[in-house]
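Student: I have a new structure open and would like to go through it. Where do we start?

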Amino acid sequence: MRNIIPALLSIGVGFVISFFGLDFYSNSLENENEIIAQSNEITAPVETVETSKEEKAPEEDLTVNESSTGSISVDTGDIQKSFDNWEAYTKENIDLMSTFTPLDDEGAVMEKGIFLTLLRTGAYIPVKSEKDGKVQYQLTGINDSADEKIKKSIVSKASIAHQYFKMEGKKLPDYNFVDLKGKAHNKADTKGKLLVLKCWFITCKVCVEEFPELNELVDKYKDDKIEFVSLAFDKKDELVEFLETKEFKYPTIPEQKEYMAKKLKVKQYPTHLIVDANGIIIKMVNNVKTLTSELERIMGK
């Protein structure tokens, strides 16, 4: 823990941002979100800044060792030698929106909100390990020689993850959706069910690429009390025409840009929400892989 002491000032700044500057921070991100949503020419929204890039092989081989206990250690120096190394490592190992055990730089368990706040200072990167079959992310100091883009990348990821983390435990804002087939979806209609929401729009390439895996989830949980619903930016006629060529088994609600941006505070597309039977947001994640693992954890299958 002594290595975190130099970062206490940064933590204080993080808390000031969290508790006193949140409105300014949220508004700035919402404005960015509005800009993204306005253009029909955009085919890759915020989330695809990283996922839509041409994949590159890391410049250096990463040293990965698996111990007899199942924990994984990596050469943190190699991870930070280049942005390509960091990007390759984080793509395969790090998802700050998933369920994990947060550890400080000496391996002690800490609160997730503080963990994400420390990452937002730009002084640390998260490194993955496993214990008893559970994923852990541990704070590791960024090297002075590390590429500045690594710091910017983790600050950006941690900021959005922190925003989503703060939504967990809150009630889903009031809604009364009507899908493309005229069916209503409201609190009374979904009471007693787990509700899974997908936030997307037609020109979001990654959003559409998820359709087959999302369809598999609908089939997998068809006998369970789960309702899958998608919220889209686009107008009804545009969605009807588009979905004639793309099979998507979620009922889809048109023209929900304002609800997603203002009510749900969505910052990336796609974003998925899991809402419990009492209308409480359990998880907000930004990819189908994490959605799948979270549903398995919640449903036990």
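Tutor: With a definition: two strands pair if DSSP finds at least two bridges between them. Helices (H or I, at least four residues) and strands (E, at least two) are DSSP runs, numbered from the N terminus. This is a predicted model, where local features need pLDDT of at least 70, side-chain atom pairs count only at pLDDT 80 or more, and totals for chains, interfaces and linings use all residues. Residues are numbered from 1 along each chain as its sequence is written, and side-chain values use heavy atoms, with hydrogens and water left out.

Student: What is the mean pLDDT of the chain?

Tutor: The mean is 81, and 76% of the residues reach 70 or more. pLDDT is the predictor's confidence in each residue, from 0 to 100.

Student: Where does pLDDT stay under 50?

Tutor: Over residues 13–70. For that stretch the model has 92 contacts beyond four places in sequence, a contact being heavy atoms within 4.5 Å.

Student: OK, strands. What stands opposite Y124?

Tutor: G141, in β5. Strand β4 (residues 124–131) and β5 are joined by 8 bridges and run antiparallel.

Student: And how many residues lie between the strands in that hairpin?

Tutor: The hairpin of β4 and β5 has 2 residues between its strands, and D132 takes a positive phi near 55° there.

Student: Which way do β3 and β5 run, parallel or antiparallel?

Tutor: Parallel, with 3 bridges joining β3 (residues 101–103) to β5 (residues 134–141). P102 has Y137 in β5 as its bridge partner.

Student: So what is the strand order in that sheet?

Tutor: β3-β5-β4, an open sheet of 3 strands with mixed pairing. β3 and β4 are the edge strands, each pairing on one side only. From one strand to the next the twist averages 25°. Helix α5 (residues 83–93) packs on this sheet and touches β4 and β5, its direction making about 40° with that of β4. For such angles, axes are lines fitted to C-alpha atoms, for helices over the stretch in contact, and angles run from 0 to 180 degrees between N-to-C directions.

Student: What about the sheet of 5 strands?

Tutor: That open sheet has the order β10-β9-β8-β11-β12, again with mixed pairing. Its edges are β10 (252–253) and β12 (281–285), each pairing on one side only. Between β8 and β11 there are 5 bridges, and the two run antiparallel. Helix α11 lies across β8, β9 and β10, at about 95° to β8.

Student: Changing topic: which residues of α10 are buried?

Tutor: In α10 (residues 211–220), F211, L214, N215, L217 and V218 are buried. Buried means under 20% relative accessible area, exposed over 50%, partly exposed in between (1.4 Å probe, protein chains only).

Student: Why are they on the same side of α10?

Tutor: Because they cover an arc of only 155° around the axis, taken from the directions from the helix axis to the C-beta atoms. The buried residues pack against several elements, including β8 (194–200), α9 (205–209) and α13 (288–299).

Student: Which cysteines does a disulfide join?

Tutor: C204 and C207, S to S 2.2 Å; a disulfide is a pair of cysteine sulfur atoms within 2.5 Å. By that rule the count comes to 1. Both C204 and C207 are buried. The torsion about their S-S bond is about 75°, so the disulfide is right-handed.

Student: And why is C199 too far for a bond?

Tutor: Because its sulfur is 9.1 Å from the closest cysteine sulfur, in C207. C199 counts as buried, at 0% relative accessibility, and its bridge partner in β11 is T271.
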